[in-house]
Amino acid sequence: MSESIEKSEWILIGQTAILLQEMQTSGFLKELDLNGHQIVLSYYDGQFGALNNKCNHMGAPLAKGILKKGCIECPWHYWQFDHKTGEAKNKSFEPLASHGGTVPHFPLKIEGDSLFIQLSQESLRQRPTYNAGSDLSREPQREPGPIRILGLSTTAMDKNHPRFSTSEELLKSALSKISNDDAVETKFLALSDLNFRHCEGFYSKSEKACTWPCSITKMDPADDMKHIYDNFVHWADVVIVSTPIRWGSASSLYYKMAERLNSIQNQITLKNRVLIKNKVAAFIITGGQDNIQAVAGQMLTFFGELGFVAPPFPLVGHSLGWSAEDMQHNMDYVKNSEYLHEQAVELIQRAVDLSKKMIN
Ligand code: FES
């Protein structure tokens, strides 16, 4: 069809009764490809609507969303747009944007029993207006200064009833010893002190739906993963992660965090953008039964996929054996073990040595 004909023409979409019958099985949303225009046709409260199929936020296909009270809810991050006018309607995009803008809409008319659309009269897209929001998105750049070491304990803990954690003990004590060195700066974080949400699996909808900064962090300013992101990507040169062994794996909190770190790794997949460069990761792993090497293998692989490198001998491990689960003695054993405490310090030292080589 020539452009001039398209300008003046109403294009037949179909017979209303047949369209409605089809749309009943898809929640009254239907994806149309008309002369190269990608459109989401909707029907609510006796009225058809036709919008450009591309969401105003990250471009998700709105036809894959849900029609809710006259609004199309985007399948990726839940922004909502009036199904006829395309105007952003609810607050789900805050604080990501102060307004979600307007998705282009198309005029429709019914003549007889048929529905027509005027493709040439697509309204203009009004882009969302973003708040300044998080500054996580800034380009990672190492600021001058001493080697920065983040100690991260992933032990799950009830804040009101704290208990002794062997892996955290080794980490904290090594950090405190090494902090006497003027050539380093240390910071300790316990995941159990942070309130952060589970990964909601946006990546599973589309790799483009998993964004940097993380969509959840952008949508929920109370989400504390921002501290992990900020330290991993922008602050730390060295990350030392401590974990207990839980049924042969790292702690559940570790995995909760790891799933959220997909937003860092996914930048490589999407944009060939490496957010973590010239950084070192090493591990302290303690538990009641032996599976240290399996836990370390998983952690080493995962942190390697994020962009970290490991020093020689990249972990300190300790466990009680399969047939000697006298855990009541384990805390005292670790507390009093000069060997384990020294090993933890040496681990950090090896990580710092490697970091110095990479930075200088
Ligand atoms: S809400 Fe539509 S792409 Fe994010």
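L171 sits in helix α3, which covers residues 166–178; helices (H or I, at least four residues) and strands (E, at least two) are DSSP runs numbered from the N terminus. The model is a predicted one, in which local features need pLDDT of at least 70, side-chain atom pairs count only at pLDDT 80 or more, and totals for chains, interfaces and linings use all residues. Residue numbers start from 1 along each chain as its sequence is written.

**L171 and its surroundings**

- L171 is buried because 29 other C-beta atoms lie within 10 Å; a residue is buried with 20 or more other C-beta atoms within 10 Å of its own, exposed with 12 or fewer, and partly exposed in between, the C-beta atoms being placed from the backbone.
- Leaving aside residues up to four places away in sequence, L171 touches G151, S153, I240, S242, I284 and A344, where contact requires C-beta atoms, placed from the backbone, within 7 Å of each other.
- L171 and V280 are 109 residues apart in sequence, and their C-alpha atoms are 16 Å apart in space.

**Helix α11**

- Helix α11 (residues 338–359) has 22 residues and should span 32 Å at 1.5 Å a residue, which agrees with the 31 Å between its end C-alpha atoms; the expected span is 1.5 Å times one less than the number of residues.
- The buried residues of α11 are L340, A344, L347, I348, A351, V352, L354 and S355.
- These residues lie on the same side of α11, because they cover an arc of only 165° around the axis; the arc is that of the directions from the helix axis to the C-beta atoms.
- The exposed residues E338, Y339 and K357 are carried on the face of α11 turned away from its buried side.

**Two domains**

- The domain assignment divides the chain into domain 1 (9–130) and domain 2 (135–359), with bounds that come from an automatic or database domain assignment.
- The centres of domain 1 and domain 2, taken over C-alpha atoms, are separated by 44 Å.
- Domain 1 gives 7 residues to the contact and domain 2 gives 10 residues.
- On the side of domain 1 that touches domain 2, 6 residues are nonpolar, 1 is polar and none is charged; Ala, Val, Leu, Ile, Met, Phe, Trp, Tyr, Cys and Pro count as nonpolar, Asp, Glu, Lys and Arg as charged, and the others, Gly among them, as polar.

- Strands β2 and β3 pair in the antiparallel sense over 6 bridges, and strands are said to pair if DSSP finds at least two bridges between them.
- K30 has L41 in β3 as its bridge partner.
- The hairpin has 2 residues between its strands, and N35 takes a positive phi near 50° there.
- G36 is placed in the loop between β2 (29–34) and β3 (37–44), and counts as exposed because it has 8 C-beta neighbours inside 10 Å.

**Backbone exceptions**

- Most residues other than glycine have a negative phi, and most peptide bonds are trans.
- F28, in the loop between α2 (16–24) and β2, has a positive phi near 60° and counts as buried because it has 20 C-beta neighbours inside 10 Å.
- W247, in the loop between β14 (238–245) and α7 (252–260), has a positive phi near 50° and counts as exposed, with 9 C-beta neighbours inside 10 Å.
- The peptide bond from W212 to P213 is cis, with omega near -10°, and P213 lies in the loop between α4 (202–205) and α5 (215–219).

Key
Two residues are in contact if their C-beta atoms, placed from the backbone, lie within 7 Å.
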